[in-house]
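Below are my notes on the model, as numbered points.

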Amino acid sequence: MRERFVSRMSDRVSARDIQFSKAIEDARAFVEEAIDKAASYEIVAEEDVCRFIDILQELGPDFPEGIPWAKELINDEDLDAAFRIDAIEERAAAVEEVTK
C-alpha cells in the first residue's frame, strides 16, 4: 500500500516541479522523507499526508520547523491532523496573497 502511494505521490511531485521531473528517484526520496516527516507530527491519513507533501513542496525544506507560524500550527495538540493541515493551507495562502 505504501509503495503505491509513494509511486502516485512521486508522479505528482515530479509533475509539479521541474527539479524532480528529470529524476524520479529524487522525487521518490523526497516523498519517502516527507511521509516520515508527516508521521512524526502524527499525520498519517493518506489524504492528509498528500496535503502535507504539497505544502512541503510549496514552502520548502524549512517547513514546518523553520517557519514560526507553521511550527506553531503543526504542533497544536488541540487540533487533529486534518484541521492542522487546513490551518496551514489557509495561512500559507494568506501569506502568498500578501507577498504578491
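1. Ser14 counts as buried, because its relative accessibility is 13%; buried means under 20% relative accessible area, exposed over 50% and partly exposed in between, with a 1.4 Å probe and protein chains only. Ser14 belongs to helix H1. A polar atom of the Ser14 side chain lies 2.8 Å from the backbone oxygen of Ser10. Helices here are DSSP runs (H or I, at least four residues), numbered from the N terminus.

2. On conventions: this is a predicted model, in which local features need pLDDT of at least 70 and side-chain atom pairs count only at pLDDT 80 or more, while totals for chains, interfaces and linings use all residues. Residues are numbered from 1 along each chain as its sequence is written, and side-chain values use heavy atoms, with hydrogens and water left out.

3. The core comes next. A nonpolar core is a set of buried Ala, Val, Leu, Ile, Met, Phe, Trp, Tyr and Cys residues joined through side-chain atoms within 4.5 Å. The largest one contains 29 residues, and Val31, Ile43, Phe52, Ile53 and Phe63 have the most contacts inside it. At least two of its residues come from each of H1 (2-16), H3 (24-40), H4 (46-59), H5 (68-74) and H6 (81-99). In soluble globular proteins, nonpolar side chains tend to be buried together.

4. Which residues does Ile43 touch, not counting residues up to four places away in sequence? They are Ala38, Asp48, Val49, Phe52, Ile74, Ala81, Arg84 and Ile85, where contact means heavy atoms within 4.5 Å. Ile43 is in the loop between H3 and H4, and it is buried because its relative accessible area is 0%.

5. Glu42 is not a glycine, yet its phi is positive, at about 60°. Its relative accessibility is 64%, so Glu42 counts as exposed. This backbone value deserves a check, as does the peptide bond in the next point.

6. Phe63 and Pro64 are joined by a cis peptide bond, with omega about -5°. Pro64 sits in the loop between H4 and H5. Leaving out residues up to four places away in sequence, Phe63 touches Lys37, Phe52, Ile55, Leu56, Ala70 and Ile88. Most residues other than glycine have a negative phi, and most peptide bonds are trans.

7. Two packed helices are described by the angle between their axes and the distance between the axes. For H1 and H4 the angle is about 30° and the axes are 11 Å apart; axes are lines fitted to C-alpha atoms, for helices over the stretch in contact, and angles run from 0 to 180 degrees between N-to-C directions. H1 is therefore roughly parallel to H4, the class for angles under 35 degrees. The residues that meet are Phe5, Arg8, Met9, Arg12, Val13 and Arg16 from H1 and Glu46, Val49, Cys50, Ile53, Asp54 and Gln57 from H4.

8. Asp54 is part of H4. With a relative accessible area of 13%, Asp54 is buried. Its side chain makes a polar contact of 2.8 Å with the side chain of Arg16; a polar contact is a pair of N or O atoms within 3.5 Å, and within protein one must be able to donate a hydrogen and the other to accept it, with residues adjacent in sequence counting only if both atoms are side-chain atoms. Setting aside neighbours within four places in sequence, Asp54 is in contact with Met9, Arg12 and Arg16.

9. Beyond four places in sequence, Phe30 touches Val13, Phe20, Ile53, Leu56 and Gln57. Phe30 and Ile53 are 23 residues apart in sequence, and their C-alpha atoms are 8.9 Å apart.

10. Asp80 is in the loop between H5 and H6 and counts as partly exposed, because its relative accessibility is 42%. Polar atoms of its side chain lie 3.2 Å from the backbone nitrogen of Ala82 and 2.9 Å from the backbone nitrogen of Phe83. The C-alpha atoms of Asp80 and Glu42 are separated by 8.9 Å, and the two residues are 38 residues apart along the chain.

Terms used: Parallel < 35°, antiparallel > 145°, perpendicular 65-115°, else oblique.
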